[in-house]
Amino acid sequence: MIRRSFLVLAAVLGLAPLAPAPASAAFETRATAAWVYDLTTDTVLLEKDADRPLPPASMSKLMTLYMLFTALKENPALSLDTEFTVSERAQAMGGSTMFLNTRDRPTAEDLIKGIIVQSGNDATVAVAEGLAGTEDAFARLATEKARSLGMLNSSFANASGWPDPRHRMSMHDLGILATHIIRDFPEYYPFFALTEFSMDDRAPDNRFNRNPLLKLGVGADGLKTGHTAEAGYGLVGSALQGNRRIVFVITGLDSDRARAEEAERIVNWAFRQFVLRRVVEEGTRIAEAPVWMGGAATVGLVADGPVDLLVPLVGASATTAEVRFTGPLEAPVVAGAQVAELVVQVPELPPETVPLFAAEDVPRGGFTTRLGVAANRLLGMVLGPADAAPQP
C-alpha cells in the first residue's frame, strides 16, 4: 500500500470563479499583533505575530469571566444572584473601576456587568477572591485552566490584567478564549452586548461600554477592550452577519480611535471579502478509489454530509482540490468507513481537510478474482511491470 493522491477539478466542487479578477491581496493590519477567525467554518483568516505572549491589559478579564461562568454552570451553590464580598484590596484597585467599597455585596450578575461594561478592576478582584480565596490562588487556577483550553502562550499573575511581567497572553490564545465563551456559555454571552451599566448609578462617567463596534450596526456583540501604556489599545471582538460569525483580536494600536477604525476595517474585510459556499451536496460522489482484490475494481468516495467552505469573493478559480488515500484500498471495504480525505486549498487560507467515506460495500473478490490478481502480480515480478497485464 502506498500513499496516493489525485487532483479533483475545482469546478466539480462548485468552486468556479465568482468574478474574473485576481486573488485579493492579503489584509494589512496596523495592529502589532492580530488573529482573525471565522468561527462558523473554523477558518483562520489572518494571523500576525499571533502566538507571541504579550501584555493583554484588560482583555485578559475574559479569563476571569470564563472562570466565573464555569463556576456558575458547575456549582449548584452559585447563581447570578449570589452575593460577593468586597475586600479592602478590591476597593483599593486603581484604573477602571465600579467604585465598589467594603460595605457592598454585589451579585455575580453585577460583577459580570461591571467587568464587561466598566472594565472594573475592583470587580475582578472580588470575583477572584470569591472563587479562590486570594487573587494569587485564582491566577494559578486561571493559568491551569488556560492550559486545558489549549491556550499554550498564556500565564496569569492577577485577575484584572494589571501590568505585571508574569502576566501574558497571545492574540491566538485570546481568540481561543473568546471562542470558548461564545460556544460554552450562550446563556451568558448576551451580557457582552450591553452598552452601559453602573451599579446604583455611582459611576456615571464610567457607565458606557468601550467596545467601539457595538453601535455601528455591523453585527458586533462582544467582547472586551484593553489598554495600558505597555500594551497599547486592543480589542477582542466578535460579530455575527447572517449565518457567519467571526472572532478577532488586535493589539498595539496607538489610540482608541485607531482601535475603532482597525476593528471596523477587519469586520468589513472578513465579511465582504469571503463568502460561504456549498461546495459539496450531500451524497455527491466526489471520486473513485481503486480496490485491491475486491468484487469491484473501485469504490466511490463521498463526504458524510454537505460541505460548506469559505472562499474569497474573487480569485476562487485558483482553488485546488486533492483526494488523498493510502491505496489501493484492500477489500473488503465497508460502506461508511473513512478511507480518504479531500484537501482543498483556497487562496490566502490554510488548507481545509474533509474526511471521505466509502459510498458502498465492496466485498472481497471470489477465487477467480484472487487467482487472477496473484497471477498478475507473479507475472509482473518475472517480466517487470511494463510487460505485466493490467490489474482488474
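## Helix H3 and its cover

Contact here means heavy atoms within 4.5 Å. The model is predicted. What covers the buried residues of H3 includes H1, H4 and strand E4 (220-228). H3 is mostly covered, with 10 of its 11 residues buried. Among the buried residues of H3 are Asp110, Lys113 and Gln118, as well as Leu111, Ile112, Ile115, Ile116 and Val117. Ser119 follows H3 and has a positive phi, near 55°.

## Lys224

Lys224 lies in strand E4. The residue is buried yet has no salt bridge. Asp122, the nearest side chain of opposite charge, is 11 Å away; a salt bridge would need the charged atoms within 4 Å.

The side chain of Lys224 does make a polar contact, at 2.9 Å, with the side chain of Ser119. Leaving out residues up to four places away in sequence, Lys224 touches Ser119 along with Ser58, Met59, Lys61, Leu62, Ile115, Ile116, Leu235 and Val236.

## Nonpolar cores

The largest nonpolar core has 61 residues, and Leu177 and Phe192 have the most contacts inside it. At least two residues of this core come from each of strand E2 (33-38), helices H1 (61-74), H3 (108-118), H4 (121-132), H5 (135-148) and H6 (171-184), and strand E6 (244-253). H1 gives the largest share, nine residues.

Beyond its neighbours within four places in sequence, Leu177 is in contact with Leu62, Met63, Tyr66, Leu149, Met151 and Met169. A second, separate core has 53 residues, including Ala34, Val218, Val280 and Leu349.

Key. Residues numbered from 1 in each chain as written. Predicted model: local features only at pLDDT ≥ 70, side-chain atom pairs only at ≥ 80, totals over all residues. Heavy atoms only, no water. Core = buried A, V, L, I, M, F, W, Y, C linked by side-chain atoms within 4.5 Å. Buried < 20%, exposed > 50% of the residue type's maximum accessible area, 1.4 Å probe, protein only. Helix = DSSP H or I, 4+ residues; strand = E, 2+ residues; numbered from the N terminus. Lys, Arg positive; Asp, Glu negative; His and termini not counted. Polar contact = N/O pair within 3.5 Å; in protein donor to acceptor, adjacent residues only side chain to side chain.
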